[in-house]
Amino acid sequence: MNKILLFLCFPMMVLAQKERIAGTVMNTENEKLSAVHVTLYNSKNELIKELKTDTNGGFTLESIAENNVKLVVKTIGYSLFEKTLDLEKPEALQIILKKESQEIEGVVMTKRKPLVKRKVDRLEFNVENSNISSLNAWEILKNTPNVMVNNNVLTVKGSTGILVAINDKKVMLTGDELKNLLENTQGDEVKSIEVITNPPAKYEAAGSAVLNIVMKKNKIEGYRGVVSSKYIQTQYAKAVFGLSQYYKKDKLSVMASYYKGMGTYYREGYDYVNYAESQTRWISTMNRKDKNTNQNTLNFNVEYELDSLTSLSLNYSGFFSPKSHGIYDVPTQIYNSQDILESNYRTFNDHQSRSANSSVSFQADRKLNKKSSLSWINYFTGNNSGKDQNVATHLNFAGQPSREDNFLTQNKADVKLYSTQLDYQWKGDQWEIESGTKYSFVKTNSTLNFSDNENGILQYRPEKSSVFDYKEHNFALYSSLSYNIGKWNFKGGLRAEMTNLEGIVSEPYDLNKNKYWKFFPTFYAQYTTENKHEFGFSYGKRINRPSYSWLNPAKSYYNLFSYFQGDPQLKATIIHNLNLTYSWKNWNVELYYRKELYPSMEISYQVPSTNNVVYHFTNIEKGQAFGIDLYKNFEVKPWWNIIVSESLEHNENYFNGVDGILHQNKVWSLGSNISTSFTLDKNSDWKMEMGHRYYSPGVQGPFRISSTWSAYFVMNRKFFNKKLEASLVFSDIFRTTGQKVVTRYANQDNYFLDYTDARGFTLSLKYNFGNQSVKNAKTIRKTSEQDRL
């Protein structure tokens with residue numbers, strides 16, 4: 001009889017074992033929360049199940065035998081959520097967590113999400129609602145963990161091969177143009193900075209690391225706007241004026257912004273060159289002053305939801321600087337072996353430059369079913385720049401009659417890039433698959449026209465002029481797989497890229513053609529303990545292709561005795577990255593090793609026979625570095641934070657010198673960034689921050705670079721119910737960011753001193769108008785397509 005009863009009840013028991021609970025965890029701002037602890041208890045308050053939410057805030061609890069259970073959801077910074085469930089009446093759960101508040105010394109303070117969050121394949125630096133959101137995007141990068149900005153050059157873990165992206169779209173700017181764009185990007189529009197030292201297969205393999213700037217999405221219904229102005233005083237004054245406008249209604253979201261910058265830019269420099277052959281010492285003073293009264297930054301973005309499954313977005317961004325003008329007066333003194341002035345010359349460099357950059361992108365996203373989606377991204381970038389200079393030199397050499405020399409150059413460069421990418425994603429409870437393909441085409445044209453008065457009259461010199469045409473096709477396939485099992489997260493991927501390039505130089509004629517396939521594997525593993533200790537491991541192979549301007553072999557003269565030259569035969573650099581990470585309670589520690597084969601960089605060398613100093617882009621033999629990074633956010637009080645970011649690295653560069661010998665340049669270097677911030681009122685409307693950055697001596701090829709440090713102070717205050725915001729920033733307070741760069745080996749003996757005019761103050765004002773309050777998100781009515789998911 002018992003066996004019969006057991007047989008009859010068996011189907012019911014099986015069904016009972018198949019009860020499941022599924023849900024999504026979000027905050028009050030409709031942001032999906034990952035890695036949230038979800039637990040289930042029975043009627044005796046005994047633990048039945050536990051897990052963490054996935055990257056989309058989702059969770060599924062399966063094989064539950066009991067009907068009446070208690071669900072508990074908790075994570076740091078949010079109030080505890082509890083709910084009793086009756087599984088006889090199953091329901092889809094949408095859990096909204098509220099930020100935890102606590103009352104201290106009569107002031108109510110609301111905790112915000114951690115400033116730094118470690119993910120399996122990247123480090124996320126949350127900017128919004130922090131003190132530094134009052135700065136521009138360039139200054140925010142200076143405060144980002146693992147990122148250093150030394151002499152206006154971005155580095156991550158000592159490497160300069162950085163790919164900068166905004167919302168995962170590559171920025172086709174480098175150097176001063178990139179700096180100008182980011183300086184005109186307001187910090188309160190930035191949500192987070194993602195530091196990806198081993199980028200996954202989805203990202204193109206170029207660059208040793210990726211810095212992805214994630215911009216905020218407009219969540220406020222209706223119309224609102226921001227008017228801003230900024231005054232910067234360094235050696236000379238600068239200003240930026242801007243207007244940002246936002247509109248959101250149902251399925252449509254539009255954003256447009258315009259910023260106009262103007263000012264005078266100054267840079268101080270001194271060059272010292274010792275020629276052992278002639279026993280002379282050449283000293284040049286280069287105080288460079290450029291005026292630019294018309295810098296324009298434009299951004300436009302429109303997003304539209306066709307239905308609950310399909311969304312479209314169109315983005316335009318542009319930077320236009322029609323004229324930057326300056327006249328450099330560069331005196332050079334020449335001393336003999338007795339340190340007596342014997343000769344001199346004076347150079348007047350009258351020049352002007354212009355640049356225009358436009359990027360257009362279109363993206364379509366489609367949900368195929370509950371677990372899979374498809375994205376199609378297209379973008380086009382055009383970059384046009386030019387520089388004209390008229391260089392006059394008065395020469396007064398010992399034993400020679402005084403004479404005048406004059407030459408003119410016209411440099412033009414035009415870069416066009418088109419790219420299309422198709423991405424597929426499937427995400428289950430534990431597994432995630434990403435796969436896609438990408439094609440890009442780059443075409444550049446660089447022209448140098450040179451004229452001089454060597455024959456007594458100013459005339460065009462075709463043998464010193466050049467045309468450089470370059471084309472590059474890239475085709476890529478990638479796939480990656482992620483697996484989440486309890487405390488372990490794994491992710492691995494493989495990217496294959498085919499490169500087909502052709503470079504043609506007109507004078508002297510040179511043709512460089514190359515076609516190759518390269519494979520780029522990546523692997524990540526992360527383990528999280530019960531006490532939230534996170535251990536991670538990652539490996540990635542990368543490639544750093546030289547910038548297009550580095551491939552141009554035409555000599556671009558600064559003066560009679562100094563010029564810049566690229567190399568059409570530059571090799572791509574292969575990079576291997578290996579990282580070990582540890583995170584716990586805002587402690588972030590990372591051990592890393594980097595190996596670079598044929599790294600490309602700018603070096604300088606002196607030519608005794610002509611007394612020339614040549615600035616040349618070339619490949620050195622190899623480079624390698626290993627080190628440790630530490631980042632910690634100390635919350636001393638709810639209103640007082642201290643951030644410590646330290647980096648210790650051993651860096652080695654091996655280069656073939658002008659003497660034909662392989663030289664080694666190595667150094668232990670320390671980078672330190674310590675800051676403290678205060679919230680001075682209960683409404684978090686008044687904030688203050690101060691700190692310092694220090695970089696010990698470093699190396700770059702044959703260069704040895706001196707240490708530098710700077711101190712800064714930031715004050716930010718909001719008025720009139722947060723509609724008016726004022727910021728005051730003091731930077732490089734003690735004028736200590738100057739550097740000395742030395743080359744000394746074989747017969748090379750030179751150095752230069754460089755200061756980029758960083759000391760000054762910035763006063764910013766912003767006024768918000770229109771609707772500023774976030775309303776409850778409207779429920780989007782399901783379409784017939786979504787009902788079938």
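**Exercise 1. Determine which residues the UniProt domain annotation covers, and describe the chain there.**

Solution. 
Step 1. According to the unreviewed UniProt entry, the annotation "domain: Outer membrane protein beta-barrel" covers residues 369-767. The structure examined here is a predicted model.

**Exercise 2. Characterise the second largest pocket by its volume, and then by its lining.**

Solution. 
Step 1. The volume of the second largest pocket is about 360 Å³.
Step 2. This pocket is lined by 21 residues, of which Asn514, Tyr516, Leu570, Lys571 and Ala572 are the closest to its centre.
Step 3. Two or more lining residues come from each of β28 (466-485), β29 (488-505) and β30 (510-528). With four residues, β30 gives the most to the lining of the second largest pocket.
Step 4. Sorted by class, the lining of the second largest pocket consists of 13 nonpolar, four polar and four charged residues.

**Exercise 3. State how many cavities of 30 Å³ or more the structure holds, and describe the largest cavity.**

Solution. 
Step 1. Seven cavities of 30 Å³ or more are present in the structure.
Step 2. The largest cavity holds about 160 Å³ of space. Of its 20 lining residues, those closest to the centre are Arg118, Val120, Arg122, Ser538 and Thr581.
Step 3. At least two residues of this lining are supplied by each of β16 (190-196), β30, β31 (534-544) and β34 (573-584).
Step 4. The lining of the largest cavity divides into seven nonpolar, eight polar and five charged residues.

**Exercise 4. Identify the residues that line the second largest cavity, and the strand that gives the most to its lining.**

Solution. 
Step 1. The second largest cavity has a volume of about 80 Å³.
Step 2. Its lining is formed by Val156, Lys157, Ser159, Thr197, Ser208, Ala209, Asn577, Asn579, Tyr592, Tyr593 and Arg594.
Step 3. Both β34 and β35 (587-597) supply at least two residues of this lining. The most is given by β35, with three residues.
Step 4. By class, four residues of the lining of the second largest cavity are nonpolar, five are polar and two are charged.

Notes: Residues are numbered from 1 along each chain as its sequence is written. This is a predicted model: local features need pLDDT of at least 70, side-chain atom pairs count only at pLDDT 80 or more; totals for chains, interfaces and linings use all residues. Side-chain values use heavy atoms; hydrogens and water are left out. On a 1 Å grid over the protein atoms alone, a cavity is a set of points where a 1.4 Å probe fits but cannot get out, and a pocket is an open set with protein on both sides within 12 Å along at least five of seven lines; lining residues have an atom within 4 Å of a point. Grid points are joined across faces, edges and corners, and a volume is the space filled by probe spheres set on the points. Ala, Val, Leu, Ile, Met, Phe, Trp, Tyr, Cys and Pro count as nonpolar, Asp, Glu, Lys and Arg as charged, and the others, Gly among them, as polar. UniProt positions are given in the numbering used here, feature names are shortened, and annotations may be inferred rather than shown by experiment.
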